[in-house]
Amino acid sequence: RRRVHGEFALPITVNKFVTSVELPNEKFESFYEEYTISSNRPYYKLDSFVKSPAPPQVPVTEVLKKMGGLLTNCMNLKANPYPNMKDLKMINAAGQFVFKKDGAVVNLPVMVQIETFAENPQFLRLSLRGAGKGEVIRGLYQLILFFIS
């Protein structure tokens with residue numbers, strides 16, 4: 001199996017379909033918990049542990065800062081540090097997937113939480129929550145994996 005590296009541009013941008021939402025960490029946690037424990041069918045959740053894109057000697061706070069930049073700049077989500085930038089433990093990001101259905105504009109909430117662990121800096125916990133369509137969070141998950149692999 002041979003590995004080939006190359007640069008290319010995606011034909012579409014996520015920014016066209018996602019709008020950022022200002023959601024303070026307290027409200028984010030409330031919605032995140034509701035989407036996590038609810039058995040409501042239109043709520044979708046995806047949880048995964050993924051290999052950190054950084055070498056082991058890079059501090060976990062630096063990895064989280066880069067992931068926050070990815071979510072903000074590439075995914076058009078509003079990323080917030082938790083609990084703060086000085087003592088960074090995780091990134092909470094929120095947005096809305098916007099599309100038209102039968103002429104009406106539909107906004108589906110999207111939440112992403114990325115956490116690192118000092119005990120095992122080789123992995124990130126990547127959790128996505130959303131409503132309406134599971135394909136939305138699955139697509140964002142695949143894009144995040146594409147960017148960090």
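Three helices and six strands make up this protein, and along the sequence they come in the order β-α-β-α-β-β-β-β-α. Both kinds of element are DSSP runs numbered from the N terminus, with helices (H or I) needing at least four residues and strands (E) at least two. Bear in mind that this is a predicted model, where local features need pLDDT of at least 70 and side-chain atom pairs count only at pLDDT 80 or more, while totals for chains, interfaces and linings use all residues. Residues are numbered from 1 along each chain as its sequence is written, and side-chain values use heavy atoms, leaving out hydrogens and water.

Of the 149 residues, 36% are buried; that means under 20% relative accessible area, with exposed being over 50% and partly exposed in between (1.4 Å probe, protein chains only).

Now for the aromatic rings. Rings of Phe, Tyr and Trp (its six-membered ring) pair if their centres lie within 6.5 Å; planes under 30 degrees apart count as stacked, over 60 as edge-to-face and the rest as tilted. That rule gives six aromatic pairs. One of them joins Phe49 and Phe117: the centres sit 6.5 Å apart and the planes meet at 35 degrees, so this pair is tilted. It ties together distant parts of the chain, since Phe49 belongs to strand E2 (residues 43-51) and Phe117 to the loop between strand E5 (104-116) and strand E6 (123-131), 68 residues apart. Phe49 is exposed at 55% relative accessible area, whereas Phe117 is partly exposed at 26%.

Phe146 and Phe147 pair edge-to-face, with 5.6 Å between centres and 75 degrees between planes. Elsewhere, ring pairs link Phe17, Phe97 and Phe99 into a cluster.
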